[in-house]
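Please review the structure shown below. The briefing that follows covers its domain interface and selected side-chain contacts.

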Amino acid sequence: MKDTSSNSSAKKNAGYKAAEYVEDGMVLGLGTGSTTHFFIEKVGMRIKEEGIKVMGIPTSFQSLLIAKEWNIPITTLEEHDIDLSVDGADEVDSEFNLIKGGGAAHTKEKIVDYAADQFIVIVDESKVVESLGAFPVPVEVLPDASRMVMKALEDMGATCEIRMAQRKDGPVITDNGNFVIDAKFDEIESPAHLEIDLNSIPGVVENGIFSQMVDKVIIGTDDGTKEL
Ligand code: 5RP
């Protein structure tokens with residue numbers, strides 16, 4: 001679905017910068033993806049070097065495993081509220097609307113990022129766009145509903161495909177046991193409306209449009225960061 005090896009110094013700069021916003025005692029939402037990997041790593045380094053005490057709520061098995069590797073204590077939304085969530089994105093527009101889900105983790109990401117008091121998005125410059133839509137919108141669906149959801153999405157004007165796994169035969173199965181349909185719209189005029197419309201199709205679990213949730217965007221470049 002995406003090349004996570006590119007722009008790694010820009011991703012690292014963004015992830016490490018976001019870790020500067022972490023304060024002693026915080027509960028953190030831990031996003032998913034190659035950029036967030038650097039954020040979690042730097043939080044782990046701060047725990048080791050500065051002795052700060054934080055807890056993390058992962059948004060995927062990927063972020064859980066990275067957090068464990070860095071000895072970040074794990075908690076859940078059942079037990080704690082979230083002070084700060086940091087997550088990557090596949091597209092960020094000029095009004096801070098996002099497309100997420102390139103790693104098929106957008107359902108848990110949306111739950112965690114939405115629950116946070118503060119939500120920081122970390123991206124490299126290639127993710128910044130004037131308006132959303134070059135990247136298809138990932139739509140997580142219950143497997144039994146996938147054909148019907150695809151029909152409904154096509155009626156809304158999207159070109160769709162079920163996301164296929166790369167080192168497994170058949171479709172990608174999300175951490176929640178579902179399929180992902182990648183829905184490409186020619187134009188997304190209103191991300192907020194499309195986000196609601198997609199979730200009103202029976203069988204849709206969650207879609208990858210995150211409208212009006214973001215507090216800050218940190219853009220990594222090869223030699224530093226910019227903040228919006
Ligand atoms: C996973 C996501 C990721 O945050 C998004 O795909 C960005 O990933 P990366 O930082 O690897 O480019 O939404 O579902």
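**Domain interface and charged pairs**

In this predicted model, 14 residues of domain 1 are in contact with 16 residues of domain 2, contact meaning heavy atoms within 4.5 Å. The model is predicted, so local features need pLDDT of at least 70 and side-chain atom pairs count only at pLDDT 80 or more, whereas totals for chains, interfaces and linings use all residues. Residues are numbered from 1 along each chain as its sequence is written, and side-chain values use heavy atoms, with hydrogens and water left out.

**Domains and their interface**

- Domain 1 comprises 8–128 + 212–227, and domain 2 comprises 137–206; these bounds come from an automatic or database domain assignment.
- The C-alpha centres of the two domains are separated by 24 Å.
- About 1100 Å² is buried between domain 1 and domain 2, and carbon and sulfur atoms give 57% of this area. Buried area is the accessible area (1.4 Å probe) that two parts lose on being put together, summed over both.
- Eight residue pairs, both members at pLDDT 80 or more, are in polar contact across the interface. A polar contact is a pair of N or O atoms within 3.5 Å; within protein, one must be able to donate a hydrogen and the other to accept it, and residues adjacent in sequence count only if both atoms are side-chain atoms.
- On the side of domain 1 that touches domain 2, helix α4 (residues 106–115) gives the most, with three residues. Helices (H or I, at least four residues) and strands (E, at least two) are DSSP runs, numbered from the N terminus.
- That side of domain 1 has three nonpolar, eight polar and three charged residues. Here Ala, Val, Leu, Ile, Met, Phe, Trp, Tyr, Cys and Pro count as nonpolar, Asp, Glu, Lys and Arg as charged, and the others, Gly among them, as polar.

**Salt bridges around lysine 110**

- Two salt bridges are counted between domain 1 and domain 2, a salt bridge being a side-chain nitrogen of Lys or Arg within 4 Å of a carboxyl oxygen of Asp or Glu.
- Lysine 110 pairs with glutamate 195 in a salt bridge at 2.7 Å, N to O. The pair links helix α4 to helix α6 across 85 residues of sequence.
- Lysine 110 also forms a salt bridge with glutamate 206, with the closest N and O atoms 2.8 Å apart.
- Lysine 110 counts as buried at 7% relative accessibility, glutamate 195 at 13% and glutamate 206 at 13%. Buried means under 20% relative accessible area, exposed over 50%, and partly exposed in between (1.4 Å probe, protein chains only).
- Leaving aside neighbours within four places in sequence, glutamate 195 is in contact with Lys110, Asn207, Ile209, Phe210 and Ser211.

**A further salt bridge**

- The side chains of lysine 226 and glutamate 125 meet in a salt bridge of 3.0 Å, N to O. Lysine 226 is in strand β13 (residues 224–227) and glutamate 125 in the loop between β6 (116–124) and β7 (137–141), 101 residues apart.
- Lysine 226 is partly exposed, with a relative accessible area of 42%, and glutamate 125 is partly exposed at 42%.

**Valine 172**

- Valine 172 is in the loop between β8 (159–162) and β9 (179–184), and is buried at a relative accessible area of 17%.
- Residues up to four places away in sequence not being counted, valine 172 touches Ala104, Arg163, Met164, Ala165, Asn178, Phe179 and Val180.
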